[in-house]
Amino acid sequence: SASMQDVLTKQQVEQILGVSERTLENLVRARRSPPPVIIGKRATWHKAAVERWIEHQYAEQLAFVSGSS
């Protein structure tokens, strides 16, 4: 279960990813990032979901072996 300290606002996610509001909205719309959970009128993300998504972005890089096809 998520405690409120595990919940990130849209602005916090933009800061973590280093992207603009528009870019984050485009990522969500294109289903290329975790969808937000709407609490009240605020879009929020669980910290673990954002961290897992970032790790996933590096999976191919981490699996890279030089010279293999």
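**Entry 1: the hairpin**

I started at the turn between strand 2 and strand 3. These two strands form a hairpin with 2 residues between them. Gly 40 sits in that turn and has a positive phi of about 65°. I note here that the model is predicted.

Next I checked the pairing. Strand 2 and strand 3 are antiparallel and share 3 bridges. I looked up the partner of Val 37 and found Thr 44 in strand 3.

Strand 1 runs antiparallel to strand 3 (residues 42–46), and 3 bridges join them. Thr 9 has Thr 44 in strand 3 as its bridge partner. Thr 44 had already come up as the partner of Val 37. I marked Thr 44 on both counts, once for Thr 9 and once for Val 37.

**Entry 2: helices against the sheet**

**Entry 3: helix 1 with helix 3**

I took the axes of helix 1 (residues 10–17) and helix 3 (residues 47–57). They are 12 Å apart, and the packing angle is about 25°. Angles under 35 degrees count as roughly parallel, so helix 1 and helix 3 are roughly parallel to each other. The crossing is right-handed.

Then I listed the residues that meet. Helix 1 brings Val 13, Ile 16 and Leu 17. Helix 3 brings Val 50, Trp 53 and Ile 54. By class, this contact has 6 nonpolar residues, no polar and no charged.

**Entry 4: helix 1 with helix 2**

How do the axes of helix 1 and helix 2 cross? I read roughly 95°, with the axes coming within 10 Å. That angle makes helix 1 roughly perpendicular to helix 2.

The residue list came next. From helix 1 I noted Lys 10, Val 13, Glu 14 and Leu 17. From helix 2 I noted Glu 21, Leu 24 and Glu 25. This contact has 3 nonpolar residues, no polar and 4 charged. Val 13 and Leu 17 of helix 1 meet helix 2 here, and I had already noted both in the contact with helix 3.

**Entry 5: Leu 27**

Is Leu 27 buried or exposed? Its relative accessible area is 11%. The cut-off for buried is under 20%, so Leu 27 is buried.

What does Leu 27 touch, leaving aside neighbours within four places in sequence? I found Arg 32, Ser 33 and Trp 53.

Conventions: Residues numbered from 1 in each chain as written. Predicted model: local features only at pLDDT ≥ 70, side-chain atom pairs only at ≥ 80, totals over all residues. Heavy atoms only, no water. Axes fitted to C-alpha atoms, helices over the stretch in contact; angles between N-to-C directions. Helix = DSSP H or I, 4+ residues; strand = E, 2+ residues; numbered from the N terminus. Parallel < 35°, antiparallel > 145°, perpendicular 65-115°, else oblique. Left-handed = near helix turned anticlockwise from the far one by under 90°. Contact = heavy atoms within 4.5 Å. Nonpolar A, V, L, I, M, F, W, Y, C, P; charged D, E, K, R; others polar. Buried < 20%, exposed > 50% of the residue type's maximum accessible area, 1.4 Å probe, protein only. Pairing = 2+ DSSP bridges.
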